[in-house]
Amino acid sequence: MASSLVAAYFLPLILFYIWAAKSQSSSTNAATSATDLPGCAASQQPRGLSFRDSSLGSDELKLLDFVLLATVDGRFHGLNRTTGRMLWSMDQPVGNSQEAGTNLKQLVSSEHAGLRKANDFFLDDLDDPASTETYIIEPQSGVIFVSPAGGKEEDPLQRLPFTTQQFVDMSPFRMDHRTFVGRKRTSVITLNLSSGELVEALEPEQQCREALVQIDRTEYRVSIFSPGQVTQNLTYASYGSRNIDKEMQDHWRRTPDNFYHQSTPDGTLLTFKTDEKEPFRTFITLKHPIVAVLDAVSIAERSDPLLLAQPKPALSDLYPSRLNELRELSKQDEITWVGRVGDSLYALSQTTFPLVIFSQLPRLPTEIPDMDDLGVGLKMGCTSLDCLTGPHRTEAATMS
């Protein structure tokens with residue numbers, strides 16, 4: 001049901017991309033002859049665009065012709081940054097990348113005490129309205145959205161003033177009737193960029209190091225308590241550059257080749273080149289939404305490349321021919337898309353995932369019965385995971 005809703009909202013946009021991709025295919029193929037990231041049998045010098053940027057702490061840098069994607073299910077995918085061609089994917093594993101994909105947990109996991117896996121309803125659900133207050137985390141940013149207790153599907157989501165990371169740092173923290181208790185842990189993932197394989201350990205005699213990168217996976221777990229009970233347990237993980245590279249990440253504000261990659265809620269990834277009159281280039285579609293795009297940069301002073309979260313340009317840079325439409329869209333209510341991975345909900349806001357702004361409001365109605373027939377005298381709020389999926393109006397939560 002959730003996937004059909006996504007397709008209904010984004011079908012017109014995707015059809016436009018297909019037409020645009022076909023019309024540009026000949027020029028794109030001619031302009032993107034760069035080679036893929038080399039494997040161990042190739043030259044030890046990684047292919048890419050050389051550039052200088054003293055703010056990054058080096059005058060000899062190379063932007064590799066590669067982009068690492070992470071989807072909300074926690075898996076990685078390798079993309080040629082200029083052609084938009086998929087190099088490998090943990091959705092289609094080769095070698096031990098199959099085991100790697102299953103070992104990587106989804107980036108958002110939540111125990112929704114007040115929601116069922118299907119649209120089942122029991123009168124006992126009405127005894128405790130607080131049990132239907134639902135907390136939903138946005139991947140990468142850690143922003144928390146709340147579907148209010150007893151809320152209807154047309155009610156806006158409430159955006160809390162603190163992120164998951166901030167709640168963990170302040171733990172235990174009390175806000176209104178809720179208490180937030182959290183913890184975090186960080187692990188390091190070593191990945192072979194050429195094959196998508198996870199590397200448990202590197203033997204000293206292994207010489208092919210240029211295709212190996214390390215990624216920080218920081219996991220946060222927050223338990224939310226209402227008086228006398230645990231309302232929800234939320235687990236959220238983010239991928240990012242290593243702590244030692246944080247200063248470089250802060251200075252990574254634009255890409256040297258002007259290539260950028262943006263995702264839609266249905267798993268479509270669009271490639272843009274912002275120094276061209278018509279920036280849109282190509283698109284691909286994965287099983288789950290892409291929540292992190294990481295550029296690979298080689299530095300002369302280091303043996304291994306590093307990963308930096310790709311900057312996000314303004315929508316006006318991606319769609320210069322649609323400025324009037326973008327101005328009108330900016331006047332509408334703030335939109336957040338709610339999706340489902342496994343038995344957990346996640347959120348994609350238009351602030352963190354700009355293409356969400358093209359979602360259509362109001363939402364399509366879901367098939368939840370009017371409870372007047374049962375003598376309750378009210379319309380029932382959402383009681384299932386799928387009930388909340390789709391685009392929602394969003395507003396800042398008020399604190400009492």
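Okay, housekeeping. Since the model is predicted, local features need pLDDT of at least 70 and side-chain atom pairs count only at pLDDT 80 or more, while totals for chains, interfaces and linings use all residues. Residues are numbered from 1 along each chain as its sequence is written, and side-chain values use heavy atoms, with hydrogens and water left out.

So, the overview. The protein has 6 helices and 20 strands; those are DSSP runs, helices being H or I with at least four residues and strands E with at least two, numbered from the N terminus. Of the 400 residues, 52% are buried, where buried is under 20% relative accessible area, exposed is over 50%, and partly exposed is in between, with a 1.4 Å probe and protein chains only. Take contacts, meaning heavy atoms within 4.5 Å, between residues at least 6 apart in sequence: 64% of them join residues at least 24 apart.

On to the cores. By nonpolar core I mean buried Ala, Val, Leu, Ile, Met, Phe, Trp, Tyr and Cys residues joined through side-chain atoms within 4.5 Å. The largest one has 31 residues, and L68, F76, L191, I215 and Y239 have the most contacts inside it. Several strands each supply at least two of its residues, including strand 2 (58-71), strand 10 (178-192), strand 11 (212-226) and strand 12 (229-240). If you click on I215 and skip neighbours within four places in sequence, its contacts include L68, F76, L191, Y239 and L307. There's also a second, separate core of 16 residues, with I144, V146, L160 and F167 among them.

While we're in strand 10, have a look at T190, which is found there. Again skipping neighbours within four places, T190 touches E197, L198, V199, V213 and Q214. Its C-alpha is 9.1 Å from that of D216, 26 residues away along the chain.

Now the rings. How many aromatic pairs does a search of the whole structure find? It finds 11, counting Phe, Tyr and Trp (its six-membered ring) with centres within 6.5 Å, where planes under 30 degrees apart are stacked, over 60 edge-to-face, and the rest tilted. F162 and F167 are edge-to-face, because their centres are 5.7 Å apart and their planes stand at 75 degrees. F162 is partly exposed at 22%, whereas F167 is buried at 0%. Y220 and Y236 are stacked, since their planes are at 15 degrees with the centres 5.5 Å apart. Y220 sits in strand 11 and Y236 in strand 12, so this pair ties together parts 16 residues apart in sequence. Both are buried, Y220 at 9% and Y236 at 0%. Back to F162 and F167: they belong to one aromatic cluster with Y135, F173 and F180.

Strand 14 (residues 268-273) is joined to strand 15 by 5 bridges, and F272 has F280 in strand 15 as its bridge partner.

That's my tour; happy to go back to any view.

Notes. Pairing = 2+ DSSP bridges.
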